[in-house]
4 protein chains.
Amino acid sequence: MTQAVVKTDIGYTTTDTIMVRGLNLATEIIGTFDFVDMIFHTMLSRRPSPQEKAMVNALLVTTADHGITPSSLAARLTYIGAPEALQGAVATGLLGAGSVFLGTMQNAAEMLCDAARPLAADTDDAAIRDAVRDLIRRHKAERRAIYGVGHPIHVDGDPRVPALREVSRANGFFGVHWRMMDMIAAVLASEHGKKLPVNAVGAIAAMVAAMGLDPLIARGLSLVGRSAGLLAHILEEKEAPMAREAWELVLRADPRNVLP
Amino acid sequence: MTQAVVKTDIGYTTTDTIMVRGLNLATEIIGTFDFVDMIFHTMLSRRPSPQEKAMVNALLVTTADHGITPSSLAARLTYIGAPEALQGAVATGLLGAGSVFLGTMQNAAEMLCDAARPLAADTDDAAIRDAVRDLIRRHKAERRAIYGVGHPIHVDGDPRVPALREVSRANGFFGVHWRMMDMIAAVLASEHGKKLPVNAVGAIAAMVAAMGLDPLIARGLSLVGRSAGLLAHILEEKEAPMAREAWELVLRADPRNVLP
Amino acid sequence: MTQAVVKTDIGYTTTDTIMVRGLNLATEIIGTFDFVDMIFHTMLSRRPSPQEKAMVNALLVTTADHGITPSSLAARLTYIGAPEALQGAVATGLLGAGSVFLGTMQNAAEMLCDAARPLAADTDDAAIRDAVRDLIRRHKAERRAIYGVGHPIHVDGDPRVPALREVSRANGFFGVHWRMMDMIAAVLASEHGKKLPVNAVGAIAAMVAAMGLDPLIARGLSLVGRSAGLLAHILEEKEAPMAREAWELVLRADPRNVLP
Amino acid sequence: MTQAVVKTDIGYTTTDTIMVRGLNLATEIIGTFDFVDMIFHTMLSRRPSPQEKAMVNALLVTTADHGITPSSLAARLTYIGAPEALQGAVATGLLGAGSVFLGTMQNAAEMLCDAARPLAADTDDAAIRDAVRDLIRRHKAERRAIYGVGHPIHVDGDPRVPALREVSRANGFFGVHWRMMDMIAAVLASEHGKKLPVNAVGAIAAMVAAMGLDPLIARGLSLVGRSAGLLAHILEEKEAPMAREAWELVLRADPRNVLP
């Protein structure tokens with residue numbers, strides 16, 4: 001094996017300079033870029049348009065977390081064992097972002113990108129319905145999940161979806177991916193008798209697909225957003241703990257456990 | 001043990017509503033808040049002032065990462081083993097944020113908060129110098145590190161520090177914590193013969209302390225910022241891999257390893 | 001939703017007793033069980049036969065790690081950032097056990113279990129060859145990897161495989177799964193012109209499949225074994241560091257990075 | 001900076017050989033070593049005595065886990081989000097091994113090693129009592145925890161401790177560290193009015209200290225043992241799930257959460 005060149009195009013460092021994607025971090029970025037600018041700059045070597053920035057902010061805000069989720073509960077349970085290592089608690093809360101929760105945004109975005117690729121931007125509803133029927137048929141045949149629909153709690157509709165649809169419309173990103181996502185829920189209801197409304201995962205997948213971003217970025221940005229929510233949970237756990245009580249509550253559910 | 005109430009004040013969920021800190025996520029937050037608004041809202045139950053937002057953006061931008069660090073290299077090495085689990089690679093890159101790299105922002109902020117607590121905002125330089133001398137003496141006696149100074153690469157000065165100082169000045173957060181941080185470097189140079197300029201860790205610690213935030217938030221926000229930088233590294237690793245070559249480069253450094 | 005019973009059959013605790021799978025930890029397990037006994041007891045509610053114990057020891061020993069791998073290098077890079085949090089460094093080294101390295105034992109075991117299910121224990125070689133041809137055809141058609149063959153370094157044969165084959169033979173676990181694994185390499189060579197000898201992953205998958213264990217256990221036991229190897233690396237990193245030098249070696253490979 | 005040699009003494013690889021601490025993995029280790037032999041060999045370059053092996057087996061067995069702990073509950077919560085990434089769930093369960101749970105074995109072993117260093121093996125009880133009084137005084141003055149005593153559930157005594165004491169006695173490792181650990185509990189009771197019996201952490205710390213091993217190994221081996229327990233929990237979660245129900249139980253504890 002010949003040794004290939006080992007380098008990154010993201011940046012490099014000298015004794016007095018830090019360069020990131022061709023710009024000087026100290027003199028051209030800090031104080032000029034906001035966080036979403038920096039996300040685009042490091043990932044894509046360009047700054048976002050105001051519309052893209054609004055979309056990404058909505059996505060980060062939506063994934064930041066809320067209340068007790070498996071992710072925030074796991075992070076708190078780790079924190080109470082290792083309060084000196086905040087990074088381990090945050091990492092814990094991210095590790096559940098897989099094929100069932102959160103990480104599924106990547107799968108949903110891949111699903112939409114694949115299915116929408118052959119369709120023109122102005123495709124009529126009939127063509128989208130055909131593509132959706134085909135998608136549902138293939139996923140069933142291959143026993144793959146259909147992503148982005150249904151929610152264990154928000155059974156009549158995920159309240160975040162209308163808000164995200166509005167953000168997409170307002171910023172010019174309501175197109176074939178969103179229409180396909182909505183059509184999936186419609187066809188599941190009308191032709192399969194399944195009430196599975198679009199959920200936040202499906203909405204975010206449609207947004208990422210509409211912006212032409214790699215589906216991996218859907219999962220990636222949800223990790224960034226979630227890390228902020230986890231930080232809030234851990235700060236609260238430090239001030240007003242509840243994880244130990246949550247653990248005891250679970251222990252006591254089995255009467256064989258006898259606590260003092 | 002009486003079972004305490006098990007709840008979080010961050011939020012709760014009903015079948016049709018998600019509430020976060022008293023606001024309705026769908027109708028009052030999404031589309032209205034940007035990401036930094038959301039960070040303040042979930043952590044502190046309030047929105048940031050424009051000045052605070054500028055400070056936090058500078059902090060997130062600075063910690064996002066650049067080039068090859070132990071953190072980004074570890075994340076890439078994990079990614080090539082488990083490309084289907086992005087969350088594991090991002091978690092890996094965060095787990096090194098401890099007492100030596102990145103996490104040390106928390107330690108530095110604690111150090112500044114403790115030492116500055118008895119000082120008035122308009123303390124003169126002589127009083128700050130005395131406090132710094134005392135701080136250095138105590139840290140030496142207890143064999144604790146002095147955080148926020150020195151850098152293995154930027155030996156003559158960390159280029160991010162003037163940029164962060166300027167952001168702090170422009171937003172009204174250049175006060176006793178920054179002056180103390182600068183004085184630490186000055187006293188180490190003049191009285192201990194040690195050239196250890198303030199580094200980015202020290203600057204960010206001074207910023208977080210000046211804003212009156214919990215030192216834990218210094219480490220926490222650096223994790224949020226870093227997660228975005230890690231995402232950029234992993235996207236590049238997917239398109240233009242270098243981690244396997246980096247690994248081989250390390251293997252070949254020991255001539256006993258014989259590769260094909 | 002009616003609240004289901006929330007309990008584990010693994011164990012429970014009272015103020016003076018800890019029960020694990022029906023045995024008293026203090027009076028019936030500690031001092032009587034060795035670690036492999038405990039692994040079987042907690043997972044399967046039974047103790048292993050001497051033959052099973054020999055197999056599992058061979059598997060744990062083989063996966064413990066050796067030299068610089070992406071896993072051990074990532075763990076060391078995390079350790080130098082957070083030496084106070086050993087658990088984060090060990091976790092890092094495990095997180096790469098996915099579909100490419102290490103975790104692939106699970107995929108290989110699933111592949112062997114699926115393909116061997118219709119075959120009798122005394123199936124002749126011709127029937128195994130047919131099953132293997134079919135397996136290769138299906139995996140190619142579905143663009144799925146064929147697991148357990150080939151190695152980037154041990155291109156002429158993985159030295160661990162004969163040793164693991166011998167352990168399996170000596171303990172009565174050399175049967176249809178092993179013969180299928182060997183046949184995969186043979187058919188790839190004779191019919192596809194590909195020199196891809198069985199590797200350690202394939203050998204361990206065959207061992208786990210032959211013992212009738214859940215394929216998940218293949219990945220799981222490799223995590224247990226690897227955790228011990230990672231501990232050895234981190235202990236060495238503490239006494240005789242090399243991770244910082246490895247990082248610099250990678251940095252210097254790009255001449256734009258200028259270190260002091 | 002001159003580039004230092006970048007190498008590990010743990011092992012190296014050629015195209016046809018894997019060497020671990022001077023032995024050929026394929027021809028000298030696999031099939032000959034059991035797992036505890038391998039742990040000693042990779043960490044310490046030697047095999048354990050039968051007595052050391054019995055001690056380490058007891059330690060691994062004790063830390064493997066039992067029932068619902070914060071560690072196993074967090075691992076299950078991660079698993080249900082990312083069942084395709086077992087490594088993330090195991091990593092999660094390890095990340096809580098910090099200064100409060102599990103990882104505290106390292107702190108306790110350090111405490112015992114430091115305090116016992118000046119004492120001869122045959123020190124009389126009076127000298128040990130003096131050393132313990134001094135230890136308690138120093139820890140109080142520096143507001144550091146005293147490790148290895150007390151348990152939230154086993155308030156009258158940890159049932160594992162007599163079993164571990166017996167293993168230590170039987171294998172010749174009941175000496176000054178164990179006597180000091182027992183004395184700490186005795187002095188806390190008689191002189192401070194505190195009923196804080198020795199717990200499993202204290203017992204394991206005494207065992208590791210008595211064997212002359214680095215305190216880091218106490219935390220490290222508990223991670224190895226725990227990884228096996230976590231595997232059992234995740235296998236059960238796959239077959240007979242309870243994590244989702246546990247999460248709902250916690251949600252329902254706050255009546256503002258309204259589930260369908």
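Colleague: Before we start, what should I know about the numbering and the model?

Modeller: Residues count from 1 along each chain as its sequence is written, and chains are lettered from A in the order in which they are written. The model is predicted, so local features need pLDDT of at least 70 and side-chain atom pairs count only at pLDDT 80 or more, while totals for chains, interfaces and linings use all residues; side-chain values use heavy atoms, with hydrogens and water left out.

Colleague: What makes D:Asp214 and C:Lys238 a salt bridge?

Modeller: A salt bridge needs a side-chain nitrogen of Lys or Arg within 4 Å of a carboxyl oxygen of Asp or Glu. Here the closest N and O atoms are 2.7 Å apart, so the pair passes that test. The count between chain C and chain D is 2 salt bridges.

Colleague: How do you know that chain C and chain D touch, and how many residues are in contact?

Modeller: Contact means heavy atoms within 4.5 Å, and 86 residues of chain C meet that with 86 residues of chain D. Together the two chains bury about 7100 Å², 72% of it on carbon and sulfur atoms. That buried area is the accessible area (1.4 Å probe) that two parts lose on being put together, summed over both.

Colleague: Over in chain A, why is A:Asp130 with A:Arg133 called a salt bridge?

Modeller: Their closest N and O atoms are 3.7 Å apart, so they still fall within the 4 Å limit. The two sit 3 residues apart in helix H7 (residues 125-141) of chain A, which means about one helical turn separates them. A helix here is a DSSP run (H or I, at least four residues), numbered from the N terminus.

Colleague: And why is A:Asp130 called partly exposed?

Modeller: Buried means under 20% relative accessible area, exposed means over 50%, and partly exposed lies in between (1.4 Å probe, protein chains only). A:Asp130 has 47% relative accessibility, so it counts as partly exposed. A:Arg133, at 33%, counts as partly exposed too.

Colleague: What makes C:Arg138 and C:Asp134 a salt bridge?

Modeller: The closest N and O atoms are 3.3 Å apart, so the pair qualifies. C:Arg138 and C:Asp134 are 4 residues apart in helix H7 (residues 125-141) of chain C, so about one helical turn lies between them. With a relative accessible area of 32%, C:Asp134 is partly exposed.

Colleague: How many salt bridges are there over all chains?

Modeller: A search of the whole structure finds 80.
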